[in-house]
Amino acid sequence: MRDTLRLEALEVLDAIDRHGSFAAAAAALYRVPSAISYTVNQLETEVGVQVFDRSGHRARLTPAGRLLLEEGRRILAATSELSAAAKRLANNWEPELRIALNGLVPPALLWPTIDRFTAEHPSINLHLQEEVLTGSWEALVDQRAELAVGVTEMPAITGIEREPFIDIDFVFCCAPNHPLAQAHTPLDEAQLRAHRGIIVADSARSFPRRNAAGLLDSRHWLTVANMQSKVTALEAGLGVGYCPRLWVREMLAEGRLAAPPLAEQRPPVTTWLVWRSGESGRGVKWFVDALRQW
C-alpha cells in the first residue's frame, strides 16, 4: 500500500458518486470509461481495500469506499482552497483582513460595507476588533490589524497613510430621571463635575494611555470597557457622560436618555482611516476606497 493518494483518484471517486455511474463520471471528466475503471482499480490496489462492490447490477461503494470518499472530499476541498488562497496571495489579496474599529464608531455602521466585501470575496476572513482611543492606532502599529477605522489624534509616525473618515458629533447624556436631566439653563463645567462620570478605558496595551475623562475628570467616575457598556450604564442612571451621537440618537429620540443643555458644547472630532504604507494588500485598498466615499 502506498503512503499517499493521488488527487486524480479522489476526483474520480467523487465524480462516480455524484453522477451515479462510471460512464457518467467519465463523461463529466471528459475521459473514456476504461480510464475511469483503470483509476478505480489502481486506487483499490494502492489502498489495499475494495472500494466498490461489483456483485450487483450496479457498482456500489463499500463502507471502506464510503469512508475514503468522505475523507477524500475533505482533501479535495482543502486542496482547492489552498490553491485559491495561493492565487489570492499572488494577486496581493490578504487571506485574512483584521480591522481595528475605534469604539467611537458603532460597528453596525460598517455592516453594509462588510456585507458587500464578503459577497465579493467570500474566502477572505474578516476580523473586526473594537479598540478605544490610543488602542485603535496601536493595533495598526503593532501589526495586530491591517486597517484602523475611526482613529482620532493621529501620532506622528512614519510609514503610515491616512484618509479622512467621518466627523463624530458628541452629545452629553444622562438618564431621564437623573438630576441633571431637569436642568432648564445651560450647565457649566463645575455642575458636570459634581456628578459621577462614565468613561471608556483606553485599550492600548503598550503605548501610553489617554485619559478619556475630559470635563468629567473629577474624583468620581465609572470606567467601562466599551461604548456599549457606557451607553447601558448611562441609561441605568449610574452617571453622566459624552457619547457619539451615532451611538445614542435613537435612545434620545425614544426618551431613554436625556441631553441636558450645556454652557459649552464639545466640538466634533475628525476621524481617520489609517493603514501601513507599502504593506497593504488589495483588501485594505478595497475598504479604504469604499469607506472614503462616506
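In which helix does Glu44 lie? Glu44 is placed in helix α3 (residues 33–47) of a model that is predicted, in which local features need pLDDT of at least 70, side-chain atom pairs count only at pLDDT 80 or more, and totals for chains, interfaces and linings use all residues. Residues are numbered from 1 along each chain as its sequence is written, and side-chain values use heavy atoms, with hydrogens and water left out.

The protein contains ten helices and eleven strands (DSSP runs numbered from the N terminus, with H or I over at least four residues for helices and E over at least two for strands). Its radius of gyration is 30 Å, whereas a compact globule of 294 residues would have a value near 19 Å (taken over C-alpha atoms, with the globule rule being 2.2 Å times the number of residues to the power 0.38). Along the principal axes, the C-alpha atoms fill a box of roughly 95 × 45 × 35 Å. Of the 294 residues, 41% count as buried (under 20% relative accessible area, with exposed meaning over 50% and partly exposed in between, for a 1.4 Å probe and protein chains only). Contact denotes heavy atoms within 4.5 Å; among contacts between residues at least 6 apart in sequence, 72% join residues at least 24 apart.

Glu44 counts as buried because its relative accessibility is 12%. Apart from neighbours within four places in sequence, Glu44 is in contact with Val49, Gln50, Val51, Phe52 and Arg54. Ala9, in helix α1 (residues 7–19), counts as buried at 2% relative accessibility. With neighbours within four places again left aside, Ala9 is in contact with Thr39 and Leu43. The C-alpha atoms of Ala9 and Glu146 are separated by 41 Å, the two residues being 137 residues apart along the chain.

In soluble globular proteins, nonpolar side chains tend to be buried together. A nonpolar core is defined here as a set of buried Ala, Val, Leu, Ile, Met, Phe, Trp, Tyr and Cys residues joined through side-chain atoms within 4.5 Å. The largest such core has 50 residues, and Val248 and Phe287 have the most contacts inside it. Helix α10 (residues 282–291) gives the most to this core, contributing six residues. A second, separate core of 16 residues includes Ile16, Phe22, Val51 and Phe52.

Helix α10 is largely enclosed by the rest of the structure, because seven of its ten residues are buried. The buried residues of α10 are Gly283, Val284, Trp286, Phe287, Val288, Ala290 and Leu291. They pack against strands β3 (96–102), β4 (125–131), β5 (147–151), β6 (160–168) and β11 (269–276), and against helix α5 (111–120). Phe287 itself touches Leu97, Ile99, Thr113, Ile114, Phe117, Leu126 and Leu147, residues up to four places away in sequence not being counted.

Leu133 counts as buried at 11% relative accessibility, whereas Gln143 is partly exposed, with a relative accessible area of 45%.
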